[in-house]
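Take a look at the structure below. This briefing is about how its parts meet.

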Amino acid sequence: MIQIQHYESPCGELILGSFEGKLCLCDWMFEKRRASIDKRIQKALGADYEEGVSDVIRKTIIQLDEYFARQRKTFDIPLVFTGTEFQNSVWQELLDIPYGKTVSYGELAKKLGNPKAVRAVAAANGANPISIFVPCHRVIGGNHKLVGYGGGLEAKKGLLDLEMGVQSLLNGMR
């Protein structure tokens with residue numbers, strides 16, 4: 001079973017999921033692709049969702065609370081990826097983007113050794129089911145504009161503002 005629990009963040013409601021001691025899901029509850037993401041995770045892990053709590057979910061909640069309180073910049077929760085080989089490579093690369101920094105989809109494609117794969121990188125980024133921990137919010141358009149985010153552009157802006165020390169961030173989102 002995949003243990004799931006809901007978490008109310010200052011940027012919106014998240015659904016958390018753990019499987020065999022690892023985080024497999026930290027995604028926006030009202031993500032437009034919620035059903036397809038859930039189906040993919042359940043199929044990849046050969047397990048169904050069950051409301052409940054686990055040690056991983058407890059630790060995830062603590063680390064999210066610390067992150068939103070600006071007391072944590074890195075995470076140490078074990079993760080399990082449930083994507084294609086290409087998606088997993090993109091998600092692994094996302095883990096290397098430092099707190100408070102951004103990269104463009106084009107820069108990410110170059111880092112992966114395929115500068116022409118911008119759209120594929122964007123699609124893989126959009127399929128990431130472990131938001132915040134695998135920081136897809138740190139990827140922006142080549143023109144430095146905020147584009148595409150499962151939690152919505154307001155949540156993406158909120159997360160980036162939080163990381164860049166913008167004080168107005170979360171007060172207005174609660």
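The points below go through the domains, their contact and a database record.

This is a predicted model. The domain assignment divides the protein into domain 1 (1-67) and domain 2 (83-162). Domain 1 and domain 2 touch, with 17 residues of domain 1 and 20 residues of domain 2 taking part in the contact.

**Layout**
- The C-alpha centres of domain 1 and domain 2 are 19 Å apart.

**Buried area**
- The size of an interface is often given as the accessible area lost when the parts come together.
- Here, domain 1 and domain 2 bury about 1500 Å² between them.
- Carbon and sulfur atoms account for 63% of that area.
- On the domain 1 side, W28, R40 and Y67 lose the most area to domain 2.
- Together, W28, R40 and Y67 make up 46% of what the domain 1 side buries.

**Polar links**
- How many salt bridges are there between domain 1 and domain 2? The count is 0.
- Polar contacts do occur between domain 1 and domain 2: 6 residue pairs, with both residues at pLDDT 80 or more.

**The domain 1 side**
- Which of them gives the largest share? Strand β3 does, with 6 residues.
- By residue type, this side of domain 1 has 11 nonpolar, 2 polar and 4 charged residues.

**From the record**
- An unreviewed UniProt entry places the feature "domain: Methylguanine DNA methyltransferase ribonuclease-like" at residues 7-79.
- In the model, residues 7-79 are 36% helix and 29% strand.
- The end C-alpha atoms of residues 7-79 lie 18 Å apart.

Note on methods: Residues are numbered from 1 along each chain as its sequence is written. This is a predicted model: local features need pLDDT of at least 70, side-chain atom pairs count only at pLDDT 80 or more; totals for chains, interfaces and linings use all residues. Side-chain values use heavy atoms; hydrogens and water are left out. Domain bounds come from an automatic or database domain assignment. Contact means heavy atoms within 4.5 Å. Buried area is the accessible area (1.4 Å probe) that two parts lose on being put together, summed over both. A salt bridge is a side-chain nitrogen of Lys or Arg within 4 Å of a carboxyl oxygen of Asp or Glu. A polar contact is a pair of N or O atoms within 3.5 Å; within protein, one must be able to donate a hydrogen and the other to accept it, and residues adjacent in sequence count only if both atoms are side-chain atoms. Helices (H or I, at least four residues) and strands (E, at least two) are DSSP runs, numbered from the N terminus. Ala, Val, Leu, Ile, Met, Phe, Trp, Tyr, Cys and Pro count as nonpolar, Asp, Glu, Lys and Arg as charged, and the others, Gly among them, as polar. UniProt positions are given in the numbering used here, feature names are shortened, and annotations may be inferred rather than shown by experiment.
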